[in-house]
Amino acid sequence: MTPQHRATDWAPDNAVSREGPEGVASQTGALVGSAGGRRRKGRRRKGGAEQSMVPEAEFTSYYGRPIVKPSPWEADIPAYLFAGGLAAGSSLIAAGADVTGRPVLRRAGRLAALGALSISMAALVHDLGKPSRFTNMLRTAKPTSPMSVGTWILSMYGPFAGLAAAAEVTSLLPEQVRSRGPLRLVGLLGRPAGLVAAVCAPPVAAYTAVLLSDTATPSWHSAYKELPFVFVGSASAAAAGVGMIAAPTHETGPVRRMAAAGALLELAMEQRMERSMGVTAEPLHHGKAGRLMRAAKVLTAAGAAGTLVAGRSRALAAASGAALVLGSACTRFGVFEAGQESAKDPKYTVVPQRERLEREGPVRYQP
């Protein structure tokens, strides 16, 4: 006779309670605190507390595949990010130099803006595969899409930056040539076009950071608050570096101050960004991305320090400017590489999700 039969021999017929038939022991119940009838072994610390013997979690995914698919972008995209920021900063410098009567610095800024914009657009079109894919994005305007907004920003900025550079080129022609027909009109439109390009320049420098952080790539998405400031500071430092290389020292006083301010903004916001990113900041310190980011910090800091004494020597000003340009390029490539690496490791996707769930609770969707 089974234990169940023995328990029901004395029970009234059909006696059923809320927990089930009376006198029948549940065969699915668990003993509270018994870990299923087995005592969990653990190492006991001094004072009586037990130390968990559970190993640390190993973050894996099905078949070893990444949870988030890395972006298909290659080196074209960080080159596009860097050149776009350089073009935007150069337009700002050119407009300021035009208003304050610094002709060499104005020429350097306008030509640098056009050259950097050309490199940026070439890199973008090369990544897209064919130019028609860029123009196709102009068929609609979607404010919620950073790619759509960025396409329209570049489309508004590019013609004015090009017209300002064309005016600078025509100013180098003989008087009897540049005073004829359309060339004369180009010369007259140089200043207005340069000022409009300067107004459009800050969004050009910042929107690429929004473009990256709007993706699901962990290290890019976690940096959404500070990354635009990092990119704007980096663009300002790089453009000022070009001005320090190309213009004489007596014209570069404001540029040196802009270089120092941009470098300080970039370095300060990088530190704040790494603290706020949590575990997703780890790829910024390891591998190729770590080497690039360390080089960026050293070059940017050295260039900023050089601006303090660059007014005394043209060679020192050029060296400081080159350090700032290279530091800005390393920043863009370093951030890009860190994002790609973070997408390959499931840890950088799972840990932030768990932390957000513990902090905010489950998301409740309203029908």
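The expected span of a helix is 1.5 Å times one less than its number of residues. Keep that rule in mind as you explore these close-ups of a predicted model.

**View 1. Helix H13 from end to end.** Helix H13 covers residues 314-344, which makes 31 residues. From its first C-alpha to its last it reaches 46 Å, close to the expected 45 Å. As you follow the turns, remember that an α-helix has 3.6 residues a turn, so residues three or four places apart point the same way.

**View 2. The start of H13.** Look for Ser-313 here: one of its side-chain oxygens comes to within 3.4 Å of the backbone nitrogen of Ala-315.

**View 3. A nonpolar patch on the surface.** Leu-308, Val-309 and Leu-316 make up this patch, and together they have about 260 Å² of accessible area. Val-309 sits in the loop between helix H12 (287-306) and H13. With a relative accessible area of 33%, Val-309 is partly exposed.

**View 4. Ser-71 meets Gln-340.** You can find Ser-71 in the loop between strand S4 (50-51) and helix H2 (76-100). Its side chain and that of Gln-340 are joined by a polar contact of 2.8 Å. Ser-71 counts as buried because its relative accessibility is 15%, and buried means under 20%.

**View 5. Two buried cysteines.** Cys-200 is buried, at 15% relative accessible area. Cys-330 is buried too, with a relative accessible area of 15%. A disulfide is a covalent bond between the sulfur atoms of two cysteines. How many disulfides does the model have? The count comes to zero, with a pair of cysteine sulfur atoms needing to lie within 2.5 Å to qualify.

Note on methods:
Residues numbered from 1 in each chain as written. Predicted model: local features only at pLDDT ≥ 70, side-chain atom pairs only at ≥ 80, totals over all residues. Heavy atoms only, no water. Helix = DSSP H or I, 4+ residues; strand = E, 2+ residues; numbered from the N terminus. Polar contact = N/O pair within 3.5 Å; in protein donor to acceptor, adjacent residues only side chain to side chain. Buried < 20%, exposed > 50% of the residue type's maximum accessible area, 1.4 Å probe, protein only. Patch = residues over 30% accessible without salt bridge, like charges linked within 9 Å, V, L, I, M, F, W, Y side chains within 5 Å. Areas by Shrake-Rupley, 256 points an atom, 1.4 Å probe, with all protein chains shown as cover. Salt bridge = Lys/Arg side-chain N within 4 Å of Asp/Glu carboxyl O.
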